[in-house]
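Please keep the sequence and the structure in view while reading.

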Amino acid sequence: MKSISLLLTSFCLLLSTIVHAETGVSSKSILIGQSAALTGPAQQLGTEMRDGAQAYFDHINAQGGVAGRQIVLKTLDDGYEADRATSNTRQLIDVEGVFSLFGYVGTPTSNAALPLVTKAEIPFFAAFTGAQSLREPLNRNVFNIRASYFEETEKIVQHITTLSISRIAVFYQNDAYGKAGLEGVTRAMKKRNIEVIGIATVERNSVDVAQAVAQIKLAKPQAVIMISAYKSCAAFIKDMLKDTVGAPIFWNISFVGSQALSKELGKDGRGVMISQVVPAPWDDIHPIIKEYKSLYLSKPGREVGFVSLEGFIAAKVFVEGLKRAGSNLTRESFVRSLESMSNYDAGGFQVKYSPSNHNGSHFVDLTVIGKDGKFMR
């Protein structure tokens with residue numbers, strides 16, 4: 001009887017362990033999933049976001065991981081297309097069985113994942129988008145690090161209008177991302193009793209900008225605020241500059257991909273302005289930059305950049321959440337640990353969460369492409 005009792009006790013303990021085991025978590029690993037553009041016109045955004053994050057995860061894994069578990073990042077290519085992001089998300093949740101989703105790149109792709117995120121009650125962490133759809137209303141599963149597009153466009157419009165510039169046009173990508181940026185611009189301008197004088201669009205993953213250029217030129221703007229990815233923005237700027245008389249100032253928001261845009265533009269990039277949501281990656285004042293450069297540049301052929309830095313910061317905050325969740329890691333304990341992160345210093349970059357606020361940072365800076373494609377503040 002005693003042996004039977006012991007067997008029953010052991011069985012109950014084993015059953016309890018199985019019941020309480022969290023999806024994507026084993027004694028040796030934590031599996032997280034990412035859908036991002038690894039091919040196509042936006043591929044540099046996806047690859048740099050992934051590589052920046054992987055540099056930090058590799059560092060943590062080399063130290064033994066978190067509570068003895070290695071962090072495994074599985075990235076699927078969506079080509080910056082919403083339907084592929086939906087398929088990838090299903091694959092990551094239903095087939096791969098990931099613990100959390102991490103570092104999605106883009107508004108349409110992130111929006112496509114949201115219904116699946118809500119249904120699965122899976123953490124969706126640090127998407128590379130500033131869209132309000134990931135901020136309002138509050139979704140307990142969604143945690144943002146970067147500032148919103150409303151905050152970026154407010155900063156841009158504020159700066160432009162201090163220069164007594166009021167003739168402002170908008171060139172935007174005809175999808176959820178572009179419309180989110182357009183709404184931010186119009187809100188910021190309405191606040192100052194100014195109207196947008198011209199609007200033109202480009203389709204996602206397209207560089208067919210001829211019609212947009214013609215429309216914007218007719219409006220004769222002093223400044224053009226652009227909400228698209230680097231390939232289409234570069235094509236638009238180059239075509240606009242063919243008529244050099246009265247060329248406007250060009251402004252981009254951070255999602256454009258700063259280094260990629262600068263390389264696409266070459267000599268035409270000088271003077272192009274870009275808002276940023278992370279510190280300058282060459283500025284060694286911040287400890288996070290020194291740490292990022294030390295780890296990210298340990299692999300040959302890499303260059304520092306805003307996107308890979310954002311991926312690195314996202315990974316560091318994610319790991320901090322895992323550490324705070326403790327060894328008995330569950331999705332619920334992870335969410336609660338993030339919500340308790342009321343004032344986390346990632347090394348000169350502040351992140352603040354609470355149960356009612358999942359938007360970690362409000363940092364926005366303004367930069368300009370200078371001589372030889374280098375960035376200045």
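This is a predicted model: local features need pLDDT of at least 70, side-chain atom pairs count only at pLDDT 80 or more; totals for chains, interfaces and linings use all residues.

Glu264 forms a salt bridge with Lys231, and the closest N and O atoms of the two are 3.0 Å apart. Since Lys231 belongs to helix H8 (residues 230–240) and Glu264 to helix H9 (residues 258–265), the pair ties together parts that lie 33 residues apart in sequence. Lys231 is likewise counted as partly exposed, its relative accessibility being 32%.

Another salt bridge joins the side chains of Arg140 and Glu332, with a distance of 2.9 Å from N to O. This pair links distant parts of the chain, for Arg140 sits in the loop between strand S4 (124–125) and strand S5 (142–143), whereas Glu332 sits in helix H12 (residues 331–339), 192 residues apart. Arg140 has a relative accessibility of 36% and therefore counts as partly exposed, and Glu332, with a relative accessible area of 35%, is partly exposed as well.

Arg140 and Glu332 also belong to one network, in which salt bridges that share partners join them with Arg336 and Glu339.

## Salt bridges in the whole model

The count of salt bridges comes to 19. One of them is formed by the side chains of Arg50 and Asp51, which meet at 2.9 Å from N to O. Arg50, at 26% relative accessibility, counts as partly exposed.

## How helices H3 and H4 pack

Two packed helices are described by the angle between their axes and by the distance between those axes. For helix H3 (residues 82–96) and helix H4 (residues 107–120), the angle is about 30 degrees and the axes are 8 Å apart. Because angles under 35 degrees count as roughly parallel, H3 and H4 are roughly parallel to each other, and their crossing is right-handed.

On the side of H3, the residues that meet H4 are Ala82, Ala85, Thr86, Thr89, Arg90 and Ile93, while H4 brings Pro108, Thr109, Ala112, Ala113, Leu116 and Ala120 to the contact. Sorted by class, the contact of H3 with H4 has 8 nonpolar, 3 polar and 1 charged residues.

Conventions. Residues are numbered from 1 along each chain as its sequence is written. Side-chain values use heavy atoms; hydrogens and water are left out. Axes are lines fitted to C-alpha atoms, for helices over the stretch in contact, and angles run from 0 to 180 degrees between N-to-C directions. Helices (H or I, at least four residues) and strands (E, at least two) are DSSP runs, numbered from the N terminus. Angles under 35 degrees count as roughly parallel, over 145 as roughly antiparallel, 65 to 115 as roughly perpendicular and the rest as oblique. A crossing is left-handed if the near helix is turned anticlockwise from the far one by less than a right angle, and right-handed if clockwise. Contact means heavy atoms within 4.5 Å. Ala, Val, Leu, Ile, Met, Phe, Trp, Tyr, Cys and Pro count as nonpolar, Asp, Glu, Lys and Arg as charged, and the others, Gly among them, as polar. A salt bridge is a side-chain nitrogen of Lys or Arg within 4 Å of a carboxyl oxygen of Asp or Glu. Buried means under 20% relative accessible area, exposed over 50%, partly exposed in between (1.4 Å probe, protein chains only).
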